[in-house]
Structure formats: C-alpha cells, structure tokens
Amino acid sequence: MAARRPPQPEAANTPPTAAGHAARRPASDFFARIGGDPLTDAFPPKRGAHPPSGAVPVPADQIPDLWAALQDRPRRDPSVAYVHIPFCETHCLFCGFYQNRWHPDRGPAYVDAVLAQARRGADHPAQQGVPLRALYLGGGTPTALATPDLVRLIEGLRALLPLAPDCEITLEGRLLSLDRDKARAAFDAGVNRVSLGVQSFDERLRRRLGRRTGRAEAIALLSDLAEMDRAALMIDLIFGLPGQEIDAFAADVTLAAGLGLDGIDLYALNLIPGTPLLRAAENGKLTPAPRERLGLYYRAGAEAMAQAGWAPLSCSHWRATPRERSLYNFAVKSGAECLAFGAGAGGNLGGAGFRLRPDLAAYHDAIATGQPPVAMMTRAGPHAAVLAAIRAGMERGHLDPAAIDRAHAETHPATTHSAAPLAFADLAAPLLSQWHAAGLIAPQASGHALTLAGRFWCVTLTGHLLAWTLQELAAAGAPGPAQA
C-alpha cells in the first residue's frame, strides 16, 4: 500500500457550512505566525485534516432514487475512474486504511464482483460518457491479486470502460507482492503507471515498520522495473518516522532519484488514530520525529530533489520525466467526475459524492442481487466549483484568482442568485496578504505562488482558505447548502 490512500472524492460525514450554522470567524483565526522559520513556526504542529467541502449528506431513504438518476445522466465533463482492492498482506504500522487481511482464495470472487459491477453499468449513460482520462487501481494492495486475476481485471475494465487513447492506467502496490513477471503481465494488460509504497530504504527503519522486503531487494526490484521501461514508475517516501534522522531521509531521496524512476512522493508521517504506530507511540515503544520539526525534513527532501534536477509537480510530488503526469490525482482534487468500483471505493457523479459499501459481504451481496452497491452519498454545495478551483491551484503551488473567478461565473451565471462576480482576490485578500508577510506565499503577476514553507503547509493553508471562502460567501448572501 502507498503512504496514503489514493485521493477519492469526498462522500459522507462532511459537516454542512452555511450561514447561521456557526459564528463568523475573524480573519486572524486563519493567520500564520510571523517571525522565526515559517517551515516550523507558521502554524501549530502539522496534522492531517479534511478541508471543508460545503457538501451535505443525502438522507438514506433518498439514496436509491438519486443513485438511479445519476446512472441515467450522461457524463459530459473530464472524468476518471477508481477501482478499490481492499486487501493487504500485512497491516502497515502507519496505515489507517487497513480493511481486510489478504487470503488468496478471496481474489477470484472479488475480481468477478468488480467486473460484474462494471458490466452492469456498461449500458448506462454515466459509464458510457466522455472518455476517461485516468483509471486508478488502488487499495489496499492491488498487487496482492494473483497474476491471472490482476490481468483479467485490467483487461476486463479496459473492455467495459470508455478509456481515452492516452488514458493513464495506474497500478498501486507493494514491493512485497510485485515481481518482474507480475509487472510484465500487468504492462501487457495495459498498465502504464505503477505507484509503490517504499516509505524508506533504511534497513533498520524498514524492519521497525514491519516491511518484509529488505533494502537490497527494494533497490533491485525498482531498478528492474525502471530497466523494463514499460510504464511511469513512482514511489512514496515518508519523513518523520521513528528513529529517522533528517540526513538519512535526504539520503533516501537522493538514492531514489538515481534509480531511474519517473515520480516520487514525499509525505509527512501522519499519526492516524487506531493505527499500530500511534498505539506504539502512546505506549512509549516508538518515538516519531517531533511534529514541529517535520518542515525541516521537507526542506531537506525538496533540496535533494532540486539537486537531482527533479521538478515539483505538486506540493508533495516531484517528477523527473514528462512520462509522469499524475492525471488521476489532479483530476480528483480538482472535482472531476469519478466512476468507482469495488468495496469501499469513492466516486463523484453530477456533483454527488458517494462511497460504495465497504463491507465485503454487503458489497458481494449487492452485486449478486442487482441492488445499488452505494452506501452513502453527499450533495455538493453551490460553491463546489470555486472550492475545486482553490484546491487545484493550491495543489499545484500556484493560486490564480482569475481562474477561481471563472469557475464561479461558469456555475453562477447572471440569471442566478449569485449574479455578481466573485472577485476572489478581494475576498481572500486578508489571508493572502498576511500569509505573504509570513513568508508562505509570494505574489506574482498571475496570482500567488506558494513558497517552500507554503508548500509544506499546503494542507493547512488550503483548509483555511476553503473555510474562509465559504464563510465570506455566506456572509455576503450567497446561498449555502441549506438554500441550494
């Protein structure tokens, strides 16, 4: 499994944000600290967060009718697809997304169910709309599937889904369950991008994390895959691990940059409730790096990437070659429509986010009986396009107010309640000017570029900007979820 679950559209449990639901917060609540090193001092210690979306849950009794209506609605906008493989050979210490322990006998029936779901939707306008730009097989651990099952899953999806000729087809996995023969079979079936969770090359840290593949084996397999030259090859590396020094992390990055890879993700360790790593930390058995020092790791990694000649593609992702496009990740974070297949998969159709049944038995039963496999849904708020434009800009490290204004104008034409232009530059000015003073952004002719520190704090800044935007639009009288 990768360091983080691949991004999926938000589905349920998103608190509504509307006028009257909460007291209006002053701009100072979103300000950064000024003085000291912004990488370490800008905000309280960095933790994972779910930025507000303005979406509201759909009542359970309305889900079947809404789901049916969405299946009959043609997709017209840029779209992607996600397939979830909810099995893992082991529970990684840092992972909060573990669902089902892998048993080889589970693979064939699960692949049958996913293909049956895709086959059922093949004649619906939602599935047979505009070509899909990306298909992502995530998890869990897709590479845990036996080679014949993995091949027939990929080939079956390619036959049942309207993929664009240059569709990015990503296979996520672990070194433990991928060898040269399985990789070759996946490439022959159509995979053109591989994403592997390496986390660290340090032998001592790998043993501590319970990684069964040793340093030499990891390097050898990655070198073999790069030599095959059949797909874009990317890996994840984590910083802030227990016992990991900054220099050792930088050495990992330098090593990875020299293996012929196309992309590298650098992620801060996120202590997720319920994970074995957090329990071990709470019991004093393992000591992760202090969270206030994580920015220093990020700087060391970014400098190592720059020295190797790699270019940042997002705030956490670098690439060495144009072959690495990261289409799926950018599309989902930009609010693109997303078909979803498999137990627990998340998607987005017609502005409605949804999550398929995560329980394996319930998912199999729904597919076998022809029932809707969806478990929960949300309706997007009226400002979803504006929020998506903000997320997309922040993810790429460059915020363009004009692009955000255009997103607002396209979804709020002059005949609607919100007829006035958004003027995002004015709306966000209190935050952006203060963040500039704090060394997190740098004004440019076409907007605002995130500095190195700003890129490290990207999740925090994005969450603050989304919350402020929703609040100010509500205060200005624009409709919130309750009025949309």
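Which residues does Ala407 touch, not counting residues up to four places away in sequence? I find Ala385, Val386 and Ala389, where contact means heavy atoms within 4.5 Å.

Before going on I note that this is a predicted model, in which local features need pLDDT of at least 70, side-chain atom pairs count only at pLDDT 80 or more, and totals for chains, interfaces and linings use all residues. Residues are numbered from 1 along each chain as its sequence is written, and side-chain values use heavy atoms, with hydrogens and water left out.

**Ala407.** I place Ala407 in helix α14 (residues 401-411); helices (H or I, at least four residues) and strands (E, at least two) are DSSP runs, numbered from the N terminus. Ala407 has a relative accessible area of 10% and is therefore buried (buried is under 20% relative accessible area, exposed over 50%, partly exposed in between, with a 1.4 Å probe and protein chains only).

**Strand β2.** I then looked at β2 (residues 79-85), where 7 of 7 residues are buried. Ser79, Ala81, Val83 and Ile85 point one way, while Val80, Tyr82 and His84 point the other way. In a regular strand the side chains alternate between the two faces of the sheet. Strand β2 runs parallel to β5 (residues 132-139), joined to it by 7 bridges, and two strands pair if DSSP finds at least two bridges between them. In that pairing His84 stands opposite Gly138. Strand β2 also pairs in the parallel sense with β12 (residues 337-341) over 5 bridges, and there Val83 stands opposite Phe341.

**Nonpolar cores.** A nonpolar core is a set of buried Ala, Val, Leu, Ile, Met, Phe, Trp, Tyr and Cys residues joined through side-chain atoms within 4.5 Å. The largest has 133 residues, and those touching the most other members are Phe201, Ile235, Leu237, Met377, Trp435 and Leu440. Helix α10 (residues 294-307) gives this core its largest share, 8 residues. I also found a second, separate core of 10 residues, with Leu205, Leu209, Ile238 and Leu286 among them.

**Helices α3 and α4.** The axes of α3 (residues 107-120) and α4 (residues 147-160) come within 10 Å and cross at roughly 0°; axes are lines fitted to C-alpha atoms, for helices over the stretch in contact, and angles run from 0 to 180 degrees between N-to-C directions. That makes α3 roughly parallel to α4 (under 35 degrees; over 145 is roughly antiparallel, 65 to 115 roughly perpendicular and the rest oblique).
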